[in-house]
Amino acid sequence: MRIHISLARQILTLLDERDIPLCRYPVSTAANGPGEQSGSYCTPRGKHIIRARIGSGAPVNTVFVRRRPTGEIYTPELGNAFPERDWILTRILWLRGCEWGFNRDLKRDCGTQRTVDTMRRYIYIHGSPDDIVVGQAGSHGCIRMKNSDLIELFECVSVGTVVEIDNADDFRGCLE
């Protein structure tokens, strides 16, 4: 299995070992567009892997902060009470960049700041409130999905699954 995310189309495609698309999901990537720099609030491009799967078996709408469940279950009322929160719900697929110097920082030298490291930027594929629009850019850098879609995807992938993120407007595979 591998995942392809098109920033141009705001589509995540799950592919099998022969690169045949199994399913597609609408996503919401960064409102600021593509970019690798820390603090840019952009979605990093290139080859990544799933570093960790977090939230297996958690109820739908479980609220996560710093990759840990808070004990809260998201409701519209909770959302209205805390409109400034960036809601990370249901499951988390934490990404790690694979391209040294592009989306994964080189080894740290004395005084060198890590500026392009996807993992250290805490870039996830995660669930979002039902009222968040997917299918158009709008996140703070992560890849947002509908909770039901994320649960389905989560069950199909494992740690180490490759995730390619690019600006491709199309993908050569098609679903029957």
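A salt bridge is a side-chain nitrogen of Lys or Arg within 4 Å of a carboxyl oxygen of Asp or Glu. This tour returns to that term at several stops.

The model on display is predicted: local features need pLDDT of at least 70, side-chain atom pairs count only at pLDDT 80 or more, and totals for chains, interfaces and linings use all residues. Residues are numbered from 1 along each chain as its sequence is written, and side-chain values use heavy atoms, with hydrogens and water left out.

**The whole chain**

Begin with the entire chain in cartoon view. The chain contains 2 helices and 10 strands, where helices (H or I, at least four residues) and strands (E, at least two) are DSSP runs, numbered from the N terminus. Traced along the sequence, these elements follow the pattern β-β-β-β-β-β-α-β-β-β-α-β. The C-alpha atoms fill a box of roughly 50 × 45 × 30 Å, taken along the principal axes.

The radius of gyration, taken over C-alpha atoms, is 16 Å, which agrees with the value near 16 Å that a compact globule of 176 residues would have; the globule rule is 2.2 Å times the number of residues to the power 0.38. Of the 176 residues, 48% count as buried. Here buried means under 20% relative accessible area, exposed over 50%, and partly exposed in between (1.4 Å probe, protein chains only).

Contact means heavy atoms within 4.5 Å. Among contacts in the chain with a separation of 6 or more, 66% are between residues 24 or more positions apart.

**First selection: Arg2 and Asp19**

Display the side chains of Arg2 and Asp19. They form a salt bridge whose closest N and O atoms are 2.7 Å apart. Arg2 lies in strand β1 (residues 2–6) and Asp19 in the loop between β2 (11–15) and β3 (21–26), so the pair ties together parts that are 17 residues apart in sequence. Arg2 is buried, at 17% relative accessible area, whereas Asp19 is partly exposed, at 25%.

Select Asp16 and Arg18 next. This pair also forms a salt bridge, with 3.7 Å between the closest N and O atoms. Arg18 is exposed, with a relative accessibility of 66%, while Asp16 is buried, with a value of 10%.

Turn now to Asp86 and Arg144, whose side chains meet in a salt bridge (3.4 Å, N to O). The two residues link distant parts of the chain: Asp86 is in the loop between α1 (76–81) and β7 (88–97), Arg144 is in strand β9 (residues 143–146), and 58 residues separate them. Asp86 is partly exposed at 33% relative accessibility; Arg144 is buried at 9%. In total, the structure holds 5 salt bridges.

Arg85 is partly exposed, with a relative accessible area of 24%. Leaving aside neighbours within four places in sequence, Arg85 is in contact with Val63, Val65 and Glu72.

Pro83 lies in the loop between α1 and β7 and is exposed, at 63% relative accessible area. Select Gly101 together with Pro83: they are 18 residues apart in sequence and 36 Å apart in space, C-alpha to C-alpha.

Move to Thr43, in the loop between β3 and β4 (46–54). Is Thr43 buried or exposed? At 1% relative accessibility, Thr43 counts as buried. Not counting residues up to four places away in sequence, Thr43 touches several residues, including Leu7, Thr29, Ala30, Gly141, Cys142 and Ile165.

End at Asp149, which is placed in helix α2 (residues 147–156). Leaving aside neighbours within four places in sequence, Asp149 is in contact with Tyr25 and Pro26.
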